[in-house]
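The following exercises concern a single protein chain. Each task is followed by a solution in steps.

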Amino acid sequence: MPYYIRNRPSRDDVAVPGFLVSCVLMLIVGAVLGMLLAPQRGEVTRRRILRRAGEARDGVIEKVEDLMVHRSEEEVGADEEAAS
């Protein structure tokens, strides 16, 4: 008859759920403190966030367009080089 070892939970098995619970609790505490200690009203903060998000979006779009133009120029150069 074979001998079976029972699996006992290791410290890692117990630590992961505790870590996740503490992360969620810290997120909640941070959100509450952020609301209580905010320097401006919510309207002003939302407008500022939207403006900065729009600026970031515009910057990303501009960089992607630049990369696309640069890549197409490289492809044209490679086609010309292959043709010669």
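**Exercise 1.** Determine whether arginine 57 is buried or exposed, and describe the salt bridge of its side chain.

Solution. Step one: buried means under 20% relative accessible area, exposed over 50%, and partly exposed in between, with a 1.4 Å probe and protein chains only. Arginine 57 has 51% relative accessibility and therefore counts as exposed. Step two: a salt bridge is a side-chain nitrogen of Lys or Arg within 4 Å of a carboxyl oxygen of Asp or Glu. The side chain of arginine 57 meets that of aspartate 58 in such a bridge, at 3.4 Å from N to O. Step three: aspartate 58, at 43% relative accessibility, counts as partly exposed.

The model is predicted: local features need pLDDT of at least 70, side-chain atom pairs count only at pLDDT 80 or more, and totals for chains, interfaces and linings use all residues. Residues are numbered from 1 along each chain as its sequence is written, and side-chain values use heavy atoms, with hydrogens and water left out.

**Exercise 2.** State how many helices and strands the chain has, and locate leucine 37.

Solution. Step one: helices (H or I, at least four residues) and strands (E, at least two) are DSSP runs, numbered from the N terminus. The chain has two helices and zero strands. Step two: leucine 37 lies in the loop between α1 (11–36) and α2 (42–83). Step three: with 65% relative accessibility, leucine 37 counts as exposed.

**Exercise 3.** State what percentage of the residues in the chain is buried.

Solution. Buried residues make up 1% of the 84 residues in the chain.
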